[in-house]
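Hi,

Here is the structure I promised to pass on. Have a look at it first, and my notes on what turned up follow below.

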Amino acid sequence: MNTYPELYSLSLNRFSCRSYSSQPVPEDAMMAVLDVARLAPSACNRQPWIFVIADTPDEREAVVQSYARDWIRTAPEYIIACGVHDQAWHRPHDGKDHTDVDLSIAIEHLCLAAASLHLGTCWVCNFDPEIIRSAFRLPEGVEPVAIIPIGFPAEGVSAPDKTRKELSEIVRRGKF
């Protein structure tokens, strides 16, 4: 029995969408998913992130040039998730920078919020950050971490069956 049926359903149905309709994302939907990302927790509430919306033809072309896969062209808009390292919490014992951890939490909040609005998303991390940094004039210290294509999935596209490890394979009590 799952005690969080709505969250479980969103998690089950969210998938890495790689084919989008040409329908634009309504502005209120875009702001809604970004607002949910804004609410994500971060270490010491530092919120070391900036989200850049890329939707003009020039901005879209820069994203396409940074990632050499044709499917990305189908997304009507992109969100470039950037980390701001000097705003992040760093663990005192070893200096571990939590920018990527905090930003990942916010991105997944965004992706689940998008799924709740029937929007598709995909994490894209295999891109040329220098193209993004230059095209969007990112200041020093602002790192493009992921590109999130966002839009309505193309007709006939839906979540594939998920293959995940069983709980018994990933959960331990006490010592390993």
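A quick definition before the salt bridges: I count one when a side-chain nitrogen of Lys or Arg is within 4 Å of a carboxyl oxygen of Asp or Glu. Keep in mind that this is a predicted model, so local features need pLDDT of at least 70 and side-chain atom pairs count only at pLDDT 80 or more, while totals for chains, interfaces and linings use all residues. Residues are numbered from 1 along each chain as its sequence is written, and side-chain values use heavy atoms, with hydrogens and water left out.

Salt bridges

Searching the whole structure gives five salt bridges. One of them joins the side chains of Glu108 and Arg14, at 3.3 Å from N to O. That pair links distant parts of the chain, 94 residues apart: Glu108 is in helix H4 (residues 99–116), and Arg14 is in the loop between helix H1 (5–13) and helix H2 (27–38). Helices here are DSSP runs of H or I with at least four residues, strands are runs of E with at least two, and both are numbered from the N terminus. For burial I use relative accessible area: buried is under 20%, exposed is over 50%, and partly exposed is in between (1.4 Å probe, protein chains only). Arg14 counts as buried because its relative accessibility is 13%, whereas Glu108, at 25%, counts as partly exposed.

Arg73 and Glu61 form another salt bridge, with their closest N and O atoms 3.8 Å apart. Arg73 sits in the loop between helix H3 (57–66) and E2, and Glu61 in helix H3, so this pair ties together parts twelve residues apart in sequence.

Then there is Glu130 with Arg133, whose side chains meet at 3.3 Å, N to O. These two are three residues apart in helix H5 (residues 129–135), which means about one helical turn separates them.

Strand E4

Nine of the ten residues in strand E4 (residues 142–151) are buried, so the rest of the structure largely encloses this strand. E4 pairs in the antiparallel sense with strand E2 (residues 77–84) over eight bridges; strands count as paired if DSSP finds at least two bridges between them. In E4, Ile147 stands opposite Ile80. Strand E3 (residues 120–121) is also antiparallel to E4, over two bridges, and Thr121 stands opposite Ile150 in E4.

The end of helix H6

Val171 lies in the segment after helix H6 (167–170) and counts as partly exposed because its relative accessibility is 46%.

Cheers
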